[in-house]
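Hello,

Here is the structure I promised to pass along. Please have a look at it first, and then read on for my notes.

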Amino acid sequence: MAGNHVAARKIQNEQEVIRWFEEGRTYQWMIDEYRRKYGIDTVPSMWGNFRRRRGLERRIVRNDDLIPWEVKEEHRWKYPVTMLRLEARRREGRELSEAERGRLESWRGMLEGANAVVHGDTDLIHQPREKTTKRRNADNR
């Protein structure tokens, strides 16, 4: 519990932070903004814990079925992984911007036209025997 008290003291304005989550700000953006605005150093887990405690939705949908592999740090923002995240958001009924919908439709059309998948031979991916991702959806633990 001591960690929660430290985090609570670091949060200067809860409504401001809730607004940032609603705007889809990343944890890194929040870390940088808190350092700039308040001179306070924070870590991603503090923001994730705040989000969970307040019942706020994740911007990035962790879908172990669409991204069942461990994705190296240097590949996390490659286009196919980004598109799989958008597809995960679409499948969960989350709102996508018009630009995101257009990019996703174009990418899916390209895969379909090439009779290709990101990995394997079914759906958008082929399910491996074992999921190796260490970044499971924290809300389903």
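For what follows, contact means heavy atoms within 4.5 Å. Please also keep in mind that this is a predicted model.

Let me start with Thr82, which belongs to helix 5 (residues 79–91). Setting aside neighbours within four places in sequence, Thr82 is in contact with Trp77 and Arg103. The relative accessible area of Thr82 is 17%, and buried means under 20%, so Thr82 is buried.

Now to the nonpolar cores. The largest one has 13 residues, and Ile11, Val17, Phe21, Tyr34, Trp47 and Phe50 are those with the most contacts inside it. At least two residues of this core come from each of helix 2, helix 3 (27–38) and helix 4 (44–54). Helix 2 gives the largest share, 4 residues. A second, separate core has 12 residues, including Val81, Ala88, Leu96 and Trp107.

Helix 2 deserves a look of its own. At its start, a side-chain oxygen of Asn13 comes to within 3.1 Å of the backbone nitrogen of Gln15. Glu16, Val17, Ile18, Trp20 and Phe21 are buried in this helix, and helix 3 and helix 4 are included in what covers its buried residues. One of the buried residues is Glu16, with 5% relative accessibility; beyond its neighbours within four places in sequence, Glu16 is in contact with Tyr34, Lys37 and Tyr38. After helix 2 comes Gly24, with a positive phi near 80 degrees.

The aromatic rings are the last topic. There are 6 aromatic pairs. Trp20 and Trp29 are edge-to-face, 5.0 Å centre to centre with 85 degrees between the planes. Trp20 is buried at 3% relative accessibility, whereas Trp29 is partly exposed at 28%. Phe21 and Phe50 are stacked, 6.2 Å centre to centre with 20 degrees between the planes. Because Phe21 lies in helix 2 and Phe50 in helix 4, this pair ties together parts that are 29 residues apart in sequence. Phe21 is buried at 12% relative accessibility, and Phe50 is buried at 0%.

Ring pairs also link Trp20, Trp29, Tyr34, Tyr38 and Trp47 into a cluster. Finally, the charged end of Arg25 sits over the ring of Trp29, 4.1 Å from the ring's centre.

Best wishes

Definitions and conventions: Residues are numbered from 1 along each chain as its sequence is written. This is a predicted model: local features need pLDDT of at least 70, side-chain atom pairs count only at pLDDT 80 or more; totals for chains, interfaces and linings use all residues. Side-chain values use heavy atoms; hydrogens and water are left out. Buried means under 20% relative accessible area, exposed over 50%, partly exposed in between (1.4 Å probe, protein chains only). A nonpolar core is a set of buried Ala, Val, Leu, Ile, Met, Phe, Trp, Tyr and Cys residues joined through side-chain atoms within 4.5 Å. A polar contact is a pair of N or O atoms within 3.5 Å; within protein, one must be able to donate a hydrogen and the other to accept it, and residues adjacent in sequence count only if both atoms are side-chain atoms. Rings of Phe, Tyr and Trp (its six-membered ring) pair if their centres lie within 6.5 Å; planes under 30 degrees apart count as stacked, over 60 as edge-to-face and the rest as tilted. A charge sits over a ring if NZ of Lys or CZ of Arg is within 6 Å of the ring centre and within 35 degrees of the ring normal.
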